[in-house]
Amino acid sequence: GVELAYGDIVDPESLKSAMEGVTTVYHSAAAVGDWGSWEKYFVPITIGGTRNMLEAATKAGVGRFLFVSSISAYGHPNPKGVVFDETAPLGAKLHKWSYYSRAKIEAEKLVWEAHKRGDLVVTVVKPSWLYGPRDRASMPRLIRAISQGKGKLIGNGTNMLNLTHAANCAEGCI
């Protein structure tokens, strides 16, 4: 029951036809990773791409815009007793080089601004560490490090990290 529409988030012109007749946009595209140039990688893809998607969706009269942000947008707050909801501040104690998190924060701000202007009805979801088929970045590296006895444990071993399978995240978005 899904029709694919092809476009490139960094090419606003390509998004016009991709948005025609669309009722819901699921925007999960971003520059993912811990490395890369802020100006050449994260700004044009995550931030600029989100801006392009929002503008195209607004012009096309899309009914709902679902943005997949990230739990990393919260930064590194002290988690003891903290409940994260829509009122939780973004970017607490971010590392200077946390480009992925910083870009997600800026993109999410754009999404909420579009909502406040009345351009779009938006939903923002913030999954934690995603894994699943075709993951070429984090899990293969982690599995290789552990199997070679090179895995590092940061903290005292009681650290909590939620893992979310990509299919579960997709089902939740739908």
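This is a predicted model: local features need pLDDT of at least 70, side-chain atom pairs count only at pLDDT 80 or more; totals for chains, interfaces and linings use all residues.
## Secondary structure

Five helices and five strands make up the secondary structure elements of the protein chain. Their order along the sequence is α-β-α-β-α-β-β-α-β-α.

## Dimensions and contacts

The radius of gyration of the protein chain is 17 Å, which agrees with the value near 16 Å that a compact globule of 174 residues would have. The C-alpha trace spans about 50 × 35 × 35 Å along its principal axes.

Among contacts with a separation of 6 or more in the protein chain, 64% join residues 24 or more positions apart.

## Burial, surface and charge

Of the 174 residues in the protein chain, 30% are buried.

The protein chain carries 20 positive and 16 negative charges. The mean position of the positive charges lies 11 Å from that of the negative charges.

Strand S1 covers residues 24-27. Val25 and His27 form its covered face, whereas Thr24 and Tyr26 form the uncovered one.

S1 pairs with strand S2, residues 64-68, in the parallel sense, and four bridges connect the two strands.

Terms used
Residues are numbered from 1 along each chain as its sequence is written. Side-chain values use heavy atoms; hydrogens and water are left out. The radius of gyration is taken over C-alpha atoms; the globule rule is 2.2 Å times the number of residues to the power 0.38. Buried means under 20% relative accessible area, exposed over 50%, partly exposed in between (1.4 Å probe, protein chains only). Contact means heavy atoms within 4.5 Å. Lys and Arg count as positive and Asp and Glu as negative; His and the chain ends are not counted. The place of a charge is taken as NZ of Lys, CZ of Arg, CG of Asp or CD of Glu. Two strands pair if DSSP finds at least two bridges between them.
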